[in-house]
Amino acid sequence: MNISWFYKQLWQVAPFFIRHYLRKRGVKAPAYLEHWGERFGEPLAQAVQQPVWVHAVSVGETRAAQPLIRELCKHFPDAPLLVTQMTPTGRATAEMLYPNAQCRYLPYDKPEYVAQFLREHRPRFGILMETEIWPNLMHGCAEAGVPLFLANARLSEKSQNGYLKIRTLVEPAMQTLRGCYAQTAADAERLHLIGASNVHVCGNTKYDITPTDAMREKAAHFRSLIGSRPVAVCASTREYKGADEAEMLLSAWRAYHGDALLIIVPRHPERFQTAYDCAVKMGFKTQKRSDGHEVAADTQVWIGDSMGEMLAYYLASDVAFVGGSLVDTGCQNIIEPVACGIPTLFGPSTYNFAAACKGAVAVGAAKQIFSAQEWQYTTAKWLSEPALRAPFVEAAAAFVAQNRGASRRIVERMIEAV
């Protein structure tokens, strides 16, 4: 079977099923029901012309683009900025981080949608963050003369094996890229194996992110609400195949008998209420961030039900756990708490941040645990004995400093290739 032909034919019927999926998803997350036209090729009113275009699928990629966009603005100060996403949380993050940009959803990969998007914007060049492979979009850019790059690129072994099964579709698309800038040598090798031909190892832009003054002020506000108690944060908790990480952590936390405050910040807004209900059901005195009240002295759990404040939660804490790692979703961004100088724990599933996790553990900037019970024991010990945390803080600063500079390297290579 000609996979490329089948892929194009599939997009003639796929929008029907995607609309059904979005309606279903919208029951719990109403934001999925908004801005539909942007996803399905409808012309955008007042579309920005000849922009520098960055596509960042969701929150993590949108944040990772921040230092890259800062570097791009130095070289293209007069060019408008277009930032596209695929998720509501990514879009909300982009609108917060890039108030001067036009933010919109990238249309799905139907050839007609792609053609409409490229006609109405006519980008100077495009940057796909991390691992966004849309064959029709990539071929469309090549045909329209829009240079396209894959930046901060990563590819797990699991994803590589999946792409190799459809190599006749993926390889020609990857060969349209003007440049592919990988996070690590292992990523570069895997990207090369699926067809990328102009691959350079530049590092991870997430090391270039630093907390803003506004975020430090937000953290100070959190501390004013909390008081002087020790604080442990569990960030970006995930649910996977029926296993709820927040529930696992809360269950383990019942063995803790100190006065520390536990902050739970679910990765997805639709899990905010679930985490709150779970904590209450387990008997914890629980409050929500959205209530805006001071945290009572006897409150045991604070649910971080807000978007765009993750760095503030880290900065207001003494110990951090990074979610998506006790359930098998590959870990969320461990670089953020390490860069904030917070002693950091993460679980066994790390394939999305394998290099960062391995490197942080090797230099003593973070510690891997293998169960919720081990997390509870380690966190309780670190909270009660600050001297145990100090070496992690010192190692974290050196680790982050060693790994900075990816954004500058990517932009320098990109400018040469445009």
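Student: Is Lys285 buried, exposed or partly exposed?
Tutor: Keep in mind this is a predicted model. Lys285 has 36% relative accessibility, so it counts as partly exposed, sitting between the 20% and 50% cut-offs.

Student: Which side chain does Lys285 meet in a salt bridge?
Tutor: Asp298, at 3.0 Å from N to O. Lys285 sits in the loop between H13 and strand S12, while Asp298 is in the loop between S12 and strand S13, 13 residues apart. Asp298 is partly exposed too, with 48% relative accessibility.

Student: And what does Asp244 pair with?
Tutor: Asp244 forms a salt bridge with Arg271, and their closest N and O atoms are 2.8 Å apart. Asp244 is in strand S10 and Arg271 is in the loop between strand S11 and helix H13, so the pair ties together parts 27 residues apart in sequence.

Student: Why does Asp244 count as buried?
Tutor: Because its relative accessibility is 11%, under the 20% cut-off. Arg271 comes out at 22%, so that one is partly exposed.

Student: What about Arg104 and Glu120, buried or exposed?
Tutor: Both are buried. Their side chains meet in a salt bridge at 2.9 Å, N to O. Arg104 is in strand S3 and Glu120 in helix H6, 16 residues apart.

Student: How many salt bridges in the whole structure?
Tutor: The search finds 17. Glu38, Arg91 and Glu95 are linked in a network of them.

Student: Switching topic, which domain does UniProt list for residues 34-209?
Tutor: The unreviewed entry gives "3-deoxy-D-manno-octulosonic-acid transferase N-terminal". In the model, that span is 44% helix and 18% strand, with its end C-alpha atoms 30 Å apart.

Key: Residues numbered from 1 in each chain as written. Predicted model: local features only at pLDDT ≥ 70, side-chain atom pairs only at ≥ 80, totals over all residues. Heavy atoms only, no water. UniProt positions renumbered as here; feature names shortened; annotations may be inferred. Helix = DSSP H or I, 4+ residues; strand = E, 2+ residues; numbered from the N terminus. Salt bridge = Lys/Arg side-chain N within 4 Å of Asp/Glu carboxyl O. Buried < 20%, exposed > 50% of the residue type's maximum accessible area, 1.4 Å probe, protein only.
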